[in-house]
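Please walk me through this structure, stop by stop. I have it open in a viewer and want to know what to select next.

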Amino acid sequence: MPYLKPERPEKVTAPSLRASKERGERLVCLTAYDYPTARIVDEAGIDIILVGDSVGNVVLGYGNTVPVTLEDILIHVKAVRRGVQRALLVADMPYGSFHTGADDTVRAALRLVKESGAEAVKLEGGQKRVKLVRRLVNEEISVMGHIGLTPQSINQLGAYRVQGKTADAARKLLDDAYALEEAGAFAIVLELVPREIAELITSSIRIPTIGIGAGVHCDIQVLVFHDLLGLAFGKLPRFVREYANLRETITDAITQESYGLPAEAAEELKIELKKVNK
Ligand code: KIV
């Protein structure tokens, strides 16, 4: 497999991330939702591929992640699974798939692992999810936590805002992180958190933090594929740097002029066409 980073071709696993943190390695996570993108991302040497419920915004055309279903995620993880060899493949647990009890949560997570081939699941929420995280880990399912801005709570939050801006809120975030680590999560996403708080959390826990809009001190950075490459519609979050504008590239490619017929041939053809139309 022609990886761009041949010096680190070994498979990334949930436990290997902790060792990477201990060695001070900076890793990268990207989202992917289909086979070709998964292949490109994996072969580029990206360490973690997340089939996020952001699929709702960037692929399915929803305004937020709330409508995304378990069936949606299953389809996308299956496609991505076929394209990934080296990266750790993580499936998001969509809104509603872990809200009706521990047994339902285990059932949904097992489907993501057994049917679609995810190697870990991610679920949003801090201390209030600790029991669920512990239960999933007990059932041999690797769990990634997600605190700070939790987009599935949009109907309660009202808007996507930076979280943890007061001392109390920051303390709660730190307690969330400790609780998730203690429950057995192997990593924690910190979304839209002040960089000082992300740094404090990162240095306080032994499992890696995965930052999105949380500053440079997180162990791992995660971005949404479509945001990075100019394939998203609407306003981009401030922290996103667009490295390419594939929208423009695609538009140019599909609207390119076809080759013109030399004037002489066109003239001749007109005569012939006239004859045909008589
Ligand atoms: O759904 C998603 O893509 C995510 C990342 C932004 C962390 O949750």
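The tour below starts with the whole chain and then moves through its helices, cysteines and loops.

**Stop 1: the whole chain**

Keep in mind that this is a predicted model. Show the chain as a cartoon. There are twelve helices and eight strands. The C-alpha atoms fill a box of roughly 85 × 40 × 40 Å along the principal axes. Now colour by burial. Of the 278 residues, 49% count as buried.

**Stop 2: helix α2 and its cover**

Select residues 35-43, which form helix α2. Which residues of this helix are buried? They are T37, A38, V41, D42 and E43. Now show what lies over them. The cover includes two strands, β1 (27-31) and β2 (48-51). It also includes two helices, α4 (70-83) and α10 (225-228). Step just past the end of α2 to G45. Here phi is positive, at about 90 degrees.

**Stop 3**

Select C29 and C218. How many disulfides does a search of the whole structure find? The count is zero. C29 is in no disulfide, and the nearest cysteine sulfur, that of C218, is 12 Å away. Looking from the other end, the closest cysteine sulfur to C218 is in C29, and the 12 Å between them is too far for a bond. A disulfide would need the two sulfur atoms within 2.5 Å. Are these residues buried or exposed? C29 is buried, with a relative accessible area of 2%. C218 is buried as well, at 1% relative accessibility.

**Stop 4: helices α5 and α6**

Two packed helices are described by the angle between their axes and the distance between the axes. Select helix α5 (residues 102-114) and helix α6 (residues 130-138). Their axes come within 10 Å and cross at roughly 50 degrees. The pair is therefore oblique. The crossing is right-handed. Now show side chains where the helices meet. From α5 come A102, D103, T105, V106 and A109. From α6 come L132, R135 and L136. These contact residues divide into five nonpolar, one polar and two charged.

**Stop 5**

Move on to E140, in the loop between α6 and β5. Check its backbone. Phi of E140 is near 65 degrees, a positive value in a residue other than glycine. Most residues other than glycine have a negative phi. Is E140 buried or exposed? E140 is exposed, with a relative accessible area of 70%.

**Stop 6: T150**

Select T150 next. It sits in the loop between β5 (143-148) and α7 (154-157). T150 is buried, with a relative accessible area of 12%. Which residues does T150 touch, leaving out those up to four places away in sequence? They are E124, G125 and L157. T150 and A170 are 20 residues apart in sequence. From C-alpha to C-alpha, the two are 15 Å apart in space.

**Stop 7: helices α8 and α9**

Select helix α8 (residues 167-183) and helix α9 (residues 195-204). The two pack at an angle of about 30 degrees, with their axes 10 Å apart. They are therefore roughly parallel to each other. α8 passes α9 in a right-handed crossing.

**Stop 8: L192**

Finish at L192, in the loop between β6 (187-191) and α9. What is the phi of L192? The angle is near 45 degrees, a positive value in a residue other than glycine. Is L192 buried or exposed? At 15% relative accessibility, L192 counts as buried.

Note on methods: Residues numbered from 1 in each chain as written. Predicted model: local features only at pLDDT ≥ 70, side-chain atom pairs only at ≥ 80, totals over all residues. Heavy atoms only, no water. Axes fitted to C-alpha atoms, helices over the stretch in contact; angles between N-to-C directions. Helix = DSSP H or I, 4+ residues; strand = E, 2+ residues; numbered from the N terminus. Parallel < 35°, antiparallel > 145°, perpendicular 65-115°, else oblique. Left-handed = near helix turned anticlockwise from the far one by under 90°. Buried < 20%, exposed > 50% of the residue type's maximum accessible area, 1.4 Å probe, protein only. Contact = heavy atoms within 4.5 Å. Nonpolar A, V, L, I, M, F, W, Y, C, P; charged D, E, K, R; others polar.
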